[in-house]
Amino acid sequence: MTPDEIVAELRDGMTIGIGGWGSRRKPMALVRAILRAPLRDLTVVSYAGPDVGLLVSSGQATRVVTGFASLDSIALEPHFRRARQAGTVELTELDEGMLHWGLLAAAHRLPFLPIRAGLGSGVLEVNPELRTVRSPYADLFGIGEELVAMPALRLDAALVHMNRADAAGNGQYLGPDPYFDDLFCLAAGRAYVSCERIVASFDGQPQTLLLNRAMVHGVAETPNGAHFTSCVPDYGRDEAFQARYAAAASDLAAWEKFRAEYLDGDEAAYQRAVR
Amino acid sequence: MSEPTRAEVCVVACAEAWRGDGAILASPMGLIPSLGARLARLTFAPDLLLTDGEAYLVDAEGGIEGWLPYAKVLTMLAAGRRHVMMGAAQIDRSGNQNISVIGDWKRPKAQLLGVRGAPGNTVNHPVSYWVPRHSPRVFVDRVDMVCGVGYDRGAHELRVVVTNLAVLDFGTPERTMRLRSVHPGVQVSDVVVATGFPLAIPDLVPVTRWPTGEELDLIRVRLDPDGAREAELR
């Protein structure tokens, strides 16, 4: 598939999970394709980086489900920060472990999973829909422990980026961390993979084959498709470009110029512009 | 060797937070806590586990001794085999910490990091804090959003709060913040005016210990030869 064909399968109002972590191995070519599409009212579930930043900047993400939004080497995602301060995006703020647990529950088709994280914290106050549950098993004091009942984070679609994939949908990561990409795919009704290269057969340890074709509904080859986030070992983060992105994001006129220069064209135009 | 700087006193005070922890994952946030954790492992806490900031556990020589992607960090955390030193934009006298927002959460005056892993950390394993600029804006009566929970909200264990002025702990019967030691050259009154709530202050406040010659040498030659630590206090 092409990124545009993948995005054509998405609908207004969907809950979309995006893999990677911060500014690491994000399916940016697919995010850029969403920017070119008329999609709106999206809820985005993510360990958030510039994926969320861009979708917030375009107004297409109206709710974000996350525990942070960071560019890693730049602590705060600038678009997310500005949108929060302007009140133009809704936030479901969760502890990082709660987000993991919500994806795990959805992947396992469970309504919730108990977790200690969140107890006593403001997370339960800013998300009043969250409930606690008492363990049916007595502890040393003869009562069951009270825990947060983290609800399943069911996704309509998941978007992840792999180093390699085959045409059938098997996906391989070659970097240090799989992040939660397999859970994003299993938690989703439809899962789409972009990758650096589609291969006929895989090199490397079979343990690096994170995704299998039962989890995946579409594959797109997008060389340099995680740019400007890192996609080790194919390439590291483009720190110089990320710094320009962050600087442009802090000023409306500068952002208009940045968008016209890099984002208003198609993926091929983007790749030519950043070369 | 020149006299230790305040930053070097802080590195050692951060290192001391991990004393006696054994083989657990040390997760320092910020440069001075990172130098502290590495110093602790090189000296009195050789069993500590440290990551490279990505997904590998690295030994004292920088060799890979383990694999710890985020999913496994979250499991180590829930297992209680971790002691993190986090920052704090705000912290109150019971140790409730905020790194998420300043102002009203619905539409914050300043969006900061977000809660990150602070809620889970504080109910699962020991947590310490590092505050490079001790001021009433940080040490507040009430935090704008509870990220890390304090003792009044069920914290597992809050070990110490290390600042540019002092070391604090929660060693009162009510588990509220207490002045444990002032850094060399700092007066107790300096800490009191920089803290926006009443601190428990013992009759005799010790002075934070100086780095040893061996520690200074490790900090200056091996761990931070470029002296980046000094900038974190400015």
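These are my notebook entries on a few places I looked up in this predicted model.

**Ground rules.** I number residues from 1 along each chain as its sequence is written, with chains lettered from A and ligands numbered from 1 in the order in which they are written. Since the model is predicted, local features need pLDDT of at least 70 and side-chain atom pairs count only at pLDDT 80 or more, while totals for chains, interfaces and linings use all residues.

**Entry 1: Ala26(B).** I found Ala26(B) in strand 1 (residues 25-28) of chain B; strands (E, at least two residues) and helices (H or I, at least four) are DSSP runs, numbered from the N terminus. Is Ala26(B) buried or exposed? It counts as buried because it has 25 C-beta neighbours inside 10 Å. (Buried takes 20 or more other C-beta atoms within 10 Å, exposed 12 or fewer, partly exposed in between, with C-beta atoms placed from the backbone.) Leaving aside neighbours within four places in sequence, I listed its contacts as Trp18(B), Ala37(B), Leu48(B), Leu49(B), Leu50(B) and His83(B); a contact means C-beta atoms, placed from the backbone, within 7 Å. I also noted Arg81(B), 55 residues from Ala26(B) in sequence and 8.9 Å away in space, C-alpha to C-alpha.

**Entry 2: helix 6 of chain B.** In this helix, residues 213-223, I marked Glu215(B), Leu218(B) and Ile219(B) as buried. They lie on the same side of helix 6 of chain B because they cover an arc of only 95 degrees around the axis, taken from the directions from the helix axis to the C-beta atoms. A handy reminder: an α-helix has 3.6 residues a turn, so residues three or four places apart point the same way. Which helices do the buried residues pack against? They pack against helix 1 (6-17) and helix 2 (31-42) of chain B. On the face turned away, I saw the exposed residues Gly213(B), Glu214(B) and Val221(B).

**Entry 3: where the chains meet.** The contact takes 30 residues from chain B and 30 residues from chain A. On the chain B side, helix 3 (70-78), strand 8 (110-111) and helix 4 (118-124) each supply at least two residues. Helix 3 of chain B gives the largest share, five residues. By class, I got 19 nonpolar, seven polar and four charged residues on this side of chain B. (Ala, Val, Leu, Ile, Met, Phe, Trp, Tyr, Cys and Pro count as nonpolar, Asp, Glu, Lys and Arg as charged, and the others, Gly among them, as polar.)

Note on methods. Two residues are in contact if their C-beta atoms, placed from the backbone, lie within 7 Å.
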